[in-house]
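Hi,

Here is the structure I promised to pass on.

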Amino acid sequence: MEVLDKTADVLIVGGGAAGCYAAITLAAEHPELRVLLVDKAGIKRSGCLAAGVNALNAYITPGHSPEDYADYAAKDAAGIVRDDLLLTMSRGLNEVTHRMEELGLVILKDERGQYVSRGWRNLKINGENIKLLLAAAVRKSQNVEVLEQVSVVDYLQADDGSVTGAWGVGVRQEKLYFLQAKAVICATGGAAGLYRPNHPGSSRHKMWYSPFNTGAGYAMGLRAGAEMTTFEMRFIALRCKDTIAPTGTLAQGVGAAQVNAAGERYQHRYGNTTSERLYAVVSENLAGRGPCYLETEGITEEQQASLERAYLNMAPAQTMKWRETGLGPASANVEVEGSEPYVVGGHTASGYWIDAARATTLPGLFAAGDVAGGCPQKYVTGAFVEGKIAAESAAAYAKGQRQPALPPAVRQRIMARVSALLKPPAASPLFTAAGLEEAMQQVMDEYAGGITTGYRYTERQLDLAAKHIGRLTRLSEDLRAADGYELVQLFELQERLLICRVLIEHLKARRETRWHSFAENLDYPGKDPALEKYVNSRLEAGKVKIIYRDLVKRGEWYEHQH
Amino acid sequence: MSISIEPEKCIGCGLCTEVCPGNLLQVKAGKAAIRDVRDCWGCTACVKECPRDAIFYYLSADLGGAGGRLYAHDTAVSLTWQLRLPDGSEQEIIVAKNKANAY
């Protein structure tokens, strides 16, 4: 197998929203640093923004403050947020928005040249090409080298635990990459594919979140000893039925209310946080009043034509469905359903436990975007801000470091491990990575609160989930790969199994129901004031250690105790 | 949810393989091919990228699909989406790139 070495001052793992913004920040502010950006696919369309995005959901409009935004996010998450992270994120939202406009993003303006907002924190854009604009800006950056179609597997660490790079494998060819750097930014995104999806057969990847975001950054961090937070605040998206297209465009755009099969508006019975809007649909269905819809019937033809274009710019399936059936939103209400659960840090708050500089608990490792925890509702612009903060922090850290040197023994160990995985098995294998992934998704669905159980679970079910995930993890260790692509799939399965294992422990540790549907524990149906805490975790000697931490509230700033 | 490649139109240029966020597309024997249609997210990056309009997008039967084919033609100023329905009819939606969504 071919082995390639690369060195840089700053290594960015993941070229999505946060990673690309980190790269262009380093290009603008630190042209003297050598930056290496590595992505599993091609950065032109990789990550969450592949199809585009319908709006910028985080922006501070005139008359509002970053504090307002932090308050809104805190309320939506029933208090389990980091105020220091939300404030530092919110303060940067407008600056990154202006930068994106400079890069070519079309943002709707009125005749006075002011942005037109949708509500008090959303801007209307044409986001179809947002990833192309970011990727083009990265490519223009002279101090940034882009390495594509390379899947990073694990960090490289010095004896003191500090992170000194990462290693990965080629997706297209069997190549092994050692990427050494003075500082590393993790921007790999969150985790999809843990639970059985809405359409487990021929459309198994038709999901809200990118199915190619496998939670690699979480798994790498856990294996390296980093602390994680709030995995148990799962995100479940309320989407248009079957197409899994966004509902916010209908709800906020044309003011469509949720109605049940009898045409009753029911939202007021459930509250109006993100999780409560989903819980309302689940509850109405369970009570026999489904299906549920967004009430679009009666909108004008002009509104319908605008919606068709808006959906083509982010989720073409929805426009296609309207045209194929001949029933557009003006003539038929749009049915809605919940997705399967995900672990993300951009909508909910799951991810690395970081300080306000976006430093993780491992020296030399910084995190931004969906992989970073404690800062929900950051969305695309918040991911940009975190990319910027992480870039500045990583640059400052890198300046005090020497170029690391990988010990030959570590290199040999990794090479031997990868070679062994590519060796044909002695006997014909009983299981495949795809088969074990399917089994994992079924376990999570049935025993850890998936679609099948209306997102609800009991402690006894979680114990069963843990047992089965343990079994599947052991089986995964016997898998072998025939080529680079299969090798990546094998590593992705193992990442997901580890995240499932940690997620189950988080769900067990939150002995309450703080958020309906997102973490609905039937043994503890109410909120417990004693659990106004973060549930954090770390792998210690192969075991998941749960750590409860006190909330960081307004005026308080968390600092790592290294 | 998936895409389909029309081999008679494909010139094997490989542009689609560079933009698939899941690395699902390969050029095999001079033609683009998808590893497994079940693994497609439906982002339509390849549909927009193809210079020969040789890739279309369709709704699988389990998503309520009815056999329509959606093509996209990308220019500097607009994205033209063309829907071909099984009855032979065609519909076109042009989305201007300099225009923001109304919603």
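Strand β9 of chain A (residues 175-186) has 10 of its 12 residues buried, so the rest of the structure largely encloses it. By "buried" I mean that 20 or more other C-beta atoms lie within 10 Å of the residue's own; 12 or fewer makes it exposed, anything in between partly exposed, and the C-beta atoms are placed from the backbone. Strands (E, at least two residues) and helices (H or I, at least four) are DSSP runs, numbered from the N terminus.

Before you zoom in: this is a predicted model, where local features need pLDDT of at least 70 and side-chain atom pairs count only at pLDDT 80 or more, while totals for chains, interfaces and linings use all residues. Residues are numbered from 1 along each chain as its sequence is written, and chains are lettered from A and ligands numbered from 1 in the order in which they are written.

Which strands pair with β9(A)? Strand β1 of chain A (residues 2-13) runs parallel to β9(A) over 11 bridges, with A:Val3 opposite A:Leu176. (Two strands count as paired if DSSP finds at least two bridges between them.) Strand β8 of chain A (residues 163-170) is antiparallel to β9(A) and joined to it by five bridges; there, A:Gly165 stands opposite A:Gln180. β8(A) and β9(A) make a hairpin, with four residues between them. Strand β16 of chain A (residues 365-367) is parallel to β9(A), with three bridges, and A:Ala367 is the bridge partner of A:Cys186.

There is also an open, antiparallel sheet of four strands in chain A, in the order β11-β14-β13-β12. β11 (238-240) and β12 (258-259) of chain A are at its edges with a single partner strand each, so one side of each has no neighbour in the sheet. Helix α7 of chain A (residues 274-286) packs on this sheet and touches β11, β12, β13 (292-294) and β14 of chain A, its direction making about 100 degrees with that of β14(A). Axes here are lines fitted to C-alpha atoms (for helices, over the stretch in contact), and angles run from 0 to 180 degrees between N-to-C directions. "Touching" means contact, with C-beta atoms, placed from the backbone, within 7 Å. β11(A) and β14(A) (residues 334-338) share three bridges, and A:Cys240 has A:Val336 as its bridge partner.

Now a helix pair. The axes of α12 (residues 433-447) and α13 (residues 459-476) of chain A come within 9 Å and cross at roughly 170 degrees. Residues in the contact include A:Leu436 and A:Tyr447 of α12(A) and A:His468 and A:Leu472 of α13(A). By class, the contact has 12 nonpolar, three polar and no charged residues. Ala, Val, Leu, Ile, Met, Phe, Trp, Tyr, Cys and Pro count as nonpolar, Asp, Glu, Lys and Arg as charged, and the others, Gly among them, as polar.

Stepping back, chain A has 14 helices and 20 strands, and 60% of its 562 residues count as buried.

Finally, the partner chain: 37 residues of chain B are in contact with 48 residues of chain A. On the chain B side, α1 (15-19), β6 (78-84) and β7 (90-96) each supply at least two residues. That side has 21 nonpolar, 10 polar and six charged residues.

Cheers

Technical notes:
Contact = placed C-beta atoms within 7 Å.
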